[in-house]
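Morning, everyone. Please take a look at the model on the screen.

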Amino acid sequence: TSQLIKQREADEKQKRIEGLKKYTIKCFNDHYLEECKASLDSLLINYGVEDLELKNISNRISKVIPFINQMTLIEQHADYEMGLEYSTRIVRNASNKPENTDSILASEALYWSGRLFYKIDSLHAQDATAYLEEAQLYSNNQHLPAKTLLVKTKLYKKRNKLEALELATSM
């Protein structure tokens, strides 16, 4: 019975690992990078999983997570111009050297450019929309944060702006 219990525990652990691996891959594919990083860390640190696909995902998001963290801090301090300058630099580099560009980082930079542009002056919603449409192209229409903000900017153009902003906020 002792071996049976150990086998059951091993089977349960393997099920948790497989479930967490599927969740990590889904988060990555859906562009929920912070959530992906958390579940990836759990797999690598807590379970010691060695997997080529997970290592590839880890390498891809390791370039983007520091950028997201930096932009989050910039946004919290309401230094939108500095954030816009920083993200625009990455976007320009992506335009000038597309072969050296990580598509996820470029997409995230475009998303943050649009987001900060929108916060600087929401009357420039057309500009934010252009940035976000480009962000979606960079990521083959899989950039969910860009889609969400794109909906918000389009809602902002509604006649009753207060109603549109309330709807966007509730989304």
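**The aromatic pair**

Searching the whole structure turns up one aromatic pair. Pairing here means that ring centres of Phe, Tyr or Trp (its six-membered ring) lie within 6.5 Å. This is a predicted model: local features need pLDDT of at least 70, side-chain atom pairs count only at pLDDT 80 or more, and totals for chains, interfaces and linings use all residues. Residues are numbered from 1 along each chain as its sequence is written, and side-chain values use heavy atoms, with hydrogens and water left out.

Which rings pair up? Phe 67 and Tyr 86, with centres 5.4 Å apart and planes at 45°, so the pair is tilted. For the planes, under 30 degrees is stacked, over 60 is edge-to-face, and the rest is tilted. Phe 67 sits in helix α4 (residues 65–76) and Tyr 86 in helix α5 (residues 80–96), 19 residues apart. Helices are DSSP runs (H or I, at least four residues), numbered from the N terminus.

Are they buried or exposed? Phe 67 is buried at 3% relative accessibility. Tyr 86 is partly exposed at 26%. Buried is under 20% relative accessible area, exposed over 50%, partly exposed in between (1.4 Å probe, protein chains only).

**The helix contact**

Next, α2 (residues 33–46) and α3 (residues 52–62): their axes come within 11 Å and cross at roughly 135°. Axes are lines fitted to C-alpha atoms, for helices over the stretch in contact, and angles run from 0 to 180 degrees between N-to-C directions. From α2, the contact residues include Leu 33, Cys 36 and Lys 37; from α3, they include Leu 54 and Ile 57. Contact means heavy atoms within 4.5 Å.

Technical notes: Helices (H or I, at least four residues) and strands (E, at least two) are DSSP runs, numbered from the N terminus.
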